[in-house]
Amino acid sequence: MTSKAQRYTLIGPDGRPYRSATPGALGGHRGSKLYGRLDCPSALRTLAAGGYLRTRVFFADEATAVAAGYRPCAVCLPHDYRVWKQAVRA
C-alpha cells in the first residue's frame, strides 16, 4: 500500500526526482528547462492541447527550480524572467 506521503514526485536542487508529501508549488518543462506558476496561461494552453504532459516536472519552490538549472517563464513570471535574462547577458 502506498502512503499519502509518497504521492507527489518533485525535482530537487540536484535535478533528480524525489517523493514528497506535499505537491509542488511550481511547474516546469524538462525539455526547455523553464519553470512557472501552476496557473500559467501558456502552460495551461499547451497542456489543454495535449502538449508536454510527459515532460512536465514540479518544484517545491523557486530556489529549487533555479538550483536544478531551470529558468523563469517569460509569460507568468515576466519580472523574474527579465532579471534572469539580464544576468545571463552580463
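## A tour of the protein chain

You are looking at a predicted model, where local features need pLDDT of at least 70, side-chain atom pairs count only at pLDDT 80 or more, and totals for chains, interfaces and linings use all residues. Residues are numbered from 1 along each chain as its sequence is written, and side-chain values use heavy atoms, leaving out hydrogens and water.

Next, colour by pLDDT, the predictor's confidence in each residue from 0 to 100. The chain mean is 91, and 93% of residues reach 70 or more. Now select residues 41-48, helix 1, where confidence is lowest at a mean of 93, then residues 71-72, strand 6, where it is highest at 98.

Switch to a cartoon view to see three helices and six strands (DSSP runs numbered from the N terminus: H or I of at least four residues, E of at least two). Followed from the N terminus, the order is β-β-β-β-α-β-α-β-α.

Zoom out again: along the principal axes, the C-alpha atoms fill a box of roughly 50 × 30 × 20 Å.

Finally, show the side chains of R37 and D39, which meet in a salt bridge at 2.7 Å, N to O (a side-chain nitrogen of Lys or Arg within 4 Å of a carboxyl oxygen of Asp or Glu). The structure holds one salt bridge. R37 is partly exposed at 35% relative accessible area, and D39 is also partly exposed, at 46%.

Definitions and conventions
Buried means under 20% relative accessible area, exposed over 50%, partly exposed in between (1.4 Å probe, protein chains only).
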